[in-house]
Every structure is written in structure tokens, then in C-alpha cells.
Amino acid sequence: GGCQIVKGVHIDFLGNLITGATLGQFGRGLGCCARLETLNLRLNKNKINDDSLGDFVAGLGGCQIVKGVHIDFLGNLITGATLGQFGRGLGCCARLETLNLRLNKNKINDDSLGDF
């Protein structure tokens with residue numbers, strides 16, 4: 001990746017038509033940022049679903065020194081089927097101190113919540 005010196009990423013994708021088809025590639029790109037400490041993404045009010053959510057966080061596995069992750073997924077199509085994979089992927093962030101996820105107004109149910 002070309003972002004070897006970037007320490008903070010703040011991107012706002014509010015209210016677009018992101019389905020997540022390329023969200024895994026986006027996550028892998030961010031995972032290449034060797035010095036990334038803070039990740040702040042607003043992905044609310046898009047069309048992101050479970051398939052893309054797992055790929056996205058798997059790509060972030062390279063973010064070994066990330067201390068703060070703030071992701072807003074409000075108003076997407078996430079059912080929670082990949083919340084376990086999402087949680088395990090974030091578990092690879094060895095220095096993670098702050099995790100702030102906003103998952104309101106999705107399609108998550110009780111069955112999938114326990115997997116996280």
C-alpha cells in the first residue's frame with residue numbers, strides 16, 4: 001500500500017449506494033497502512049450486507065497498531081450473520097483500546113448477536 005506513514009483515516013461515505021462488493025479490497029488497502037492508529041469511517045445509510053462485512057474486517061487484520069476504531073454502519077442491510085467473523089477480525093488488532101461501532105437500524109437479531 002502507498003500509505004506507510006498515515007496515522008489517521010477519517011472518511012465519510014454517508015448516504016451513498018455502497019453495497020460492499022469492493023469493501024474487502026478497501027479493508028485490505030487500509031490494512032496495508034503500517035502506522036495506522038485511528039480509523040474513523042461513516043458508512044451509514046448505504047446498502048452494506050453481511051457478505052461484505054466479513055471481507056472488510058478480514059482485510060483490516062494487517063492493522064497491528066490500531067488503537068481506535070470508530071465505524072458507523074447505521075441503516076444498512078447487516079443481519080449479523082458475519083458478526084462473529086467481524087469480531088474475530090478486530091481481535092487481530094493487538095493494540096486496540098477503543099472500539100466504537102454503530103449498528104442501529106440494520107437487520108440484526110438475537111441469534112447472531114451472541115457470535116460477536
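Guide: Helix α1 passes helix α2 in a right-handed crossing. This is a predicted model, in which local features need pLDDT of at least 70, side-chain atom pairs count only at pLDDT 80 or more, and totals for chains, interfaces and linings use all residues. Residues are numbered from 1 along each chain as its sequence is written, and side-chain values use heavy atoms, with hydrogens and water left out.

Visitor: Why is α1 called roughly parallel to α2?

Guide: The axes of α1 (residues 23-31) and α2 (residues 50-59) come within 7 Å and cross at roughly 15 degrees. That makes α1 roughly parallel to α2, since angles under 35 degrees count as roughly parallel, over 145 as roughly antiparallel, 65 to 115 as roughly perpendicular and the rest as oblique. The axes are lines fitted to C-alpha atoms, for helices over the stretch in contact, and the angles run from 0 to 180 degrees between N-to-C directions.

Visitor: Which residues of α1 and α2 meet?

Guide: Leu23, Gly24, Phe26, Gly27, Arg28, Leu30 and Gly31 of α1 meet Ser52, Asp55, Phe56 and Gly59 of α2, contact being heavy atoms within 4.5 Å. By class, this contact has four nonpolar, five polar and two charged residues. Ala, Val, Leu, Ile, Met, Phe, Trp, Tyr, Cys and Pro count as nonpolar, Asp, Glu, Lys and Arg as charged, and the others, Gly among them, as polar.

Visitor: Why is the pair of phenylalanine 26 and phenylalanine 56 called stacked?

Guide: The structure holds three aromatic pairs. In the pair of phenylalanine 26 and phenylalanine 56, the ring centres are 6.2 Å apart and the planes stand at 10 degrees, so the pair is stacked. Rings of Phe, Tyr and Trp (its six-membered ring) pair if their centres lie within 6.5 Å; planes under 30 degrees apart count as stacked, over 60 as edge-to-face and the rest as tilted. Phenylalanine 26 belongs to α1 and phenylalanine 56 to α2, so the pair ties together parts that are 30 residues apart in sequence. Ring pairs also link Phe13, Phe26 and Phe56 into a cluster.

Visitor: Is phenylalanine 56 buried or exposed?

Guide: Phenylalanine 56 is buried, with a relative accessible area of 0%, whereas phenylalanine 26, at 24%, counts as partly exposed. Buried means under 20% relative accessible area, exposed over 50%, and partly exposed in between (1.4 Å probe, protein chains only).

Visitor: What makes phenylalanine 73 and phenylalanine 86 an edge-to-face pair?

Guide: Their ring centres are 6.0 Å apart and their planes are at 75 degrees, so the pair is edge-to-face. Phenylalanine 73 lies in the loop between β3 (68-72) and α3 (83-91), and phenylalanine 86 in α3, so the pair ties together parts that are 13 residues apart in sequence. Phenylalanine 73 is buried at 0% relative accessibility, and phenylalanine 86 is buried at 1%.

Visitor: How do you know that α2 is largely enclosed by the rest of the structure?

Guide: Seven of the ten residues of α2 are buried, so this helix is largely enclosed. The buried residues are Asp50, Ser52, Leu53, Gly54, Phe56, Val57 and Gly59, and they pack against α1, β2 (38-42), β3 and α3.

Notes
Helix = DSSP H or I, 4+ residues; strand = E, 2+ residues; numbered from the N terminus. Left-handed = near helix turned anticlockwise from the far one by under 90°.
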